[in-house]
Amino acid sequence: MYRYDDFDRQLVQERTEQFREQVKRRLSGDITEEQFRPLRLMNGVYLQLHAYMLRVAVPYGTLRCDQLRELGGIARKYDKGYGHFTTRQNIQYNWPKLDEIPDALLDLANVEMHAIQTSGNCIRNTTTDQYAGAAADEIEDPRPYCELIRQWSTFHPEFTYLPRKFKIAVTGSPNDRAAVKVHDIGLRMHYNDAGETGFEVIVGGGLGRTPFVGKTVRDFIGKNDLFSYLEAILRVYNRFGRRDNKYKARIKILVHELGVEEVQRLVEEEWAQIKDGSLKVGDAEIARYIEQFAPPAFEALSDDDADFERHKSESRAFSNWVRSNVIEHKQPGYAIANVSLKPIGGIPGDATDTQMELVADLSEKYSFGDVRVTHEQNLVLPHVKKADLFAVWTALEGAGLGTANLGYVTDIIACPGLDYCALATARSIPLSQRISERFGDLDRQHDIGELKIKISGCINACGHHHVGHIGILGLDKRGKEFYQITLGGDASQDASIGKIVGAGFSEAEVVDAIESLVTKYIDIRDGGERFIDTYRRVGMDPFKEVLYGDR
Amino acid sequence: MAIVKNDSVIEQEWITVEAEDDLPSSDENLIVPLARFKEQRDDLLGRNGGLGVLLNPGDAPEDLAGDLDRLSIITVNFPAYTDGRGYSYGRVLRERMGFKGELRAIGDVLRDQILLMHRCGFDSYDLKVDGETALTKVRAALKEMSVYYQPTGDGRATALSLRERRRAAMEQKAS
């Protein structure tokens, strides 16, 4: 895993000191809240409904055990004993006091973390596959490139006041777990005809009030040229992206209005002038970053472990967990263990201080000190010996972290909604809790199979409802919350934007509506078909009918 | 209002005219918006005084190609600090087009953006405060950070290049 060197450390320390001064100026009344706003936002400090919120960056979703332990400590010291993992692989604290935030940032800096660029109209934290370096289907570990993007984008002097925020996602696997097609830039690693690895460059995807699946501007960019190419895209966006309307300012609108061919022409023209400049990264430099993410010291093991098999046959609960939460690892004898932060009836993505510390301890003992945060708001122990899985599960189970529901109907993405967020028009969390309770029975969840429900509490779509197999959007109609249902969204390599089924439902009706959709799916599915496959086969009508009849 | 350049407060020696304004006498140093420069290029270049151009957001600095040698100053307007187009104009003018004259940031120029502007090629800053305050702000802003990841045309060494230099030195020592 990447370790800061003295340059990285100094940069974060200087930033921490800078922010401490800015907070001091604010608290003494030297600057107004209005003047302070952009400064705090650049450091991840939002003002929410009830309090300040601090959003801490987890670069490309990778944490060391000491970092996760510190995140737990911060939850206890500066918050009410919990934190919330987000769809951008970051963590948010909902109750910090402004005068204590500089101290929290100092604690973070001590474990090589920060809150830089987790807000503002700049290049945000780069996200990637949570199974990077562990997945059996991966072409190459994407994290060395993510780290290089992190450095290139941190305090980029030209791109700190973009028309709007800018998000880059990278996948090193053909099975896209990073939703790269719904990001401002998505990078998909693949081979060119010469057998070299590089990236397909997808631009202009996004959710929010105008969702788009991104379009390819270049089928292949070599690794050495990736950074000049990114700079070319950002320069085109910075110069030509709309600034007259906040809701039309993302790059997706530029791509939509100019057309992808014109954006491509502008980018290629810009790139031709900078591609041989100082942003070209040499093979030796890339190799040094690949070295930083070298695989841990795996033992040579047989892929079968007798104890593991025995535990599975003896404990149904364990074998259920393995079935849903354990994923194949590229190294024989190892597995990827997902830690669900979606207990039945719980708040999606929340973890307490002691839960974070427990996962940190488990990662230190069983997973080479490596932990990941997923955009679906769960945690991952990426490198666990099969022989250790039972011990890991037993410990997780004891802390309420052993829920066997990964990818199932209760593994819901939900934004914080009206319980916390100043922008929200409806609550998301209580609804996700109610759906989770309704479908809590594990056998039933197994029977339903993979079904991704995503809930946003407003049109900004932080809960990714557009790409939920079933998406739920919370709105406000004359002071009453109501919920609009979309079907057929998908964030994977087969990305698609869901379509609205019909009129919205009241809070009381919406859970029944979801259940009707699921029941219909079970009635009409073909063999092992997932919900999304059935929807794609039969279309909207059968589902519409079950919700509205002849209406 | 005060203009800071090269670590000191300088006098305003330029008159900026808008699109419709009458031109001052030929000896005055004059800054005109890009559109007017394009319209009246030959007349403007024939004047005795110094000449500069004002770029507003949406303008293309490329329109000045071929004339940069005749311009002593380019002012780039940041109507709001949140409008970051001027940063790209700065880099294009300096790094691509090789502009050597004064590059001045005007408009909503605040302390917390000055370092970024400097990194993008600006060398003077028009701040809406008195001279002493302006100088203090610019000095503080320029030394707030000391580590830079991105190569720009500002001559600052990047972390990447410093790492390489250190590696080379260590290898030399070892051999």
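Which domains does the domain assignment of chain B give? There are two entries: domain 1 (2–144) and domain 2 (148–175). Domain bounds here come from an automatic or database domain assignment.

Before going on, note that this is a predicted model, in which local features need pLDDT of at least 70, side-chain atom pairs count only at pLDDT 80 or more, and totals for chains, interfaces and linings use all residues. Residues are numbered from 1 along each chain as its sequence is written, while chains are lettered from A and ligands numbered from 1 in the order in which they are written.

**Stop 1: chain B as a whole**

Select chain B. The centres of domain 1 of chain B and domain 2 of chain B, taken over C-alpha atoms, are separated by 32 Å. Along the principal axes, the C-alpha atoms of chain B fill a box of roughly 70 × 35 × 30 Å.

Now show chain B as a cartoon. Six helices and eight strands make up its secondary structure. Helices (H or I, at least four residues) and strands (E, at least two) are DSSP runs, numbered from the N terminus. Starting at the N terminus, the order of elements in chain B is β-β-β-β-α-α-β-β-α-β-α-β-α-α.

Of the 175 residues of chain B, 35% count as buried. A residue is buried if 20 or more other C-beta atoms lie within 10 Å of its own, exposed if 12 or fewer, and partly exposed in between, with C-beta atoms placed from the backbone.

**Stop 2: two loops of chain B**

Select B:N6, in the loop between β1 (2–5) and β2 (8–10) of chain B. B:N6 is not a glycine, yet its phi is positive, about 50 degrees. Is B:N6 buried or exposed? B:N6 counts as exposed because it has 8 C-beta neighbours inside 10 Å.

Next select B:G155, in the loop between α5 (131–142) and α6 of chain B. B:G155 has 6 C-beta neighbours inside 10 Å, so it counts as exposed.

**Stop 3: where the chains meet**

Show both chains. The contact takes 24 residues from chain B and 23 residues from chain A. Two residues are in contact if their C-beta atoms, placed from the backbone, lie within 7 Å. On the side of chain B that touches chain A, α3 (85–96), α4 (111–119) and α6 (159–174) of chain B each supply at least two residues. α3(B) gives the most to that side, with five residues. The residues of the side of chain B that touches chain A divide into 10 nonpolar, six polar and eight charged. For this count, Ala, Val, Leu, Ile, Met, Phe, Trp, Tyr, Cys and Pro are nonpolar, Asp, Glu, Lys and Arg are charged, and the others, Gly among them, are polar.

**Stop 4: the domains of chain A**

Select chain A and colour it by domain: domain 1 (6–110), domain 2 (134–292), domain 3 (306–398) and domain 4 (413–548). Keep domain 2 and domain 4 of chain A, whose centres, taken over C-alpha atoms, are separated by 30 Å. Here 11 residues of domain 2 of chain A are in contact with 12 residues of domain 4 of chain A. On the domain 2 side, the touching residues divide into six nonpolar, two polar and three charged.

**Stop 5: helix α1 of chain A**

Select residues 6–27 of chain A, which form helix α1. Buried residues in α1(A) are A:L11, A:V12, A:R15, A:T16, A:F19, A:Q22 and A:V23. What covers the buried residues of α1(A) includes α2 (33–41) and α4 (101–110) of chain A. After α1(A) comes A:G29, with a positive phi near 85 degrees.

**Stop 6**

Select A:Y60, in the loop between β2 (52–56) and β3 (62–64) of chain A. A:Y60 is not a glycine, but has a positive phi of about 40 degrees. A:Y60 counts as buried because it has 27 C-beta neighbours inside 10 Å.

Finish with A:V201, A:V203, A:I233 and A:I472, the residues with the most contacts inside the largest nonpolar core, which has 93 residues. A nonpolar core is a set of buried Ala, Val, Leu, Ile, Met, Phe, Trp, Tyr and Cys residues joined through C-beta atoms within 7 Å. Helix α6 (residues 226–240) of chain A gives the most to this core, with nine residues.

Notes:
Expected span 1.5 Å × (residues − 1).
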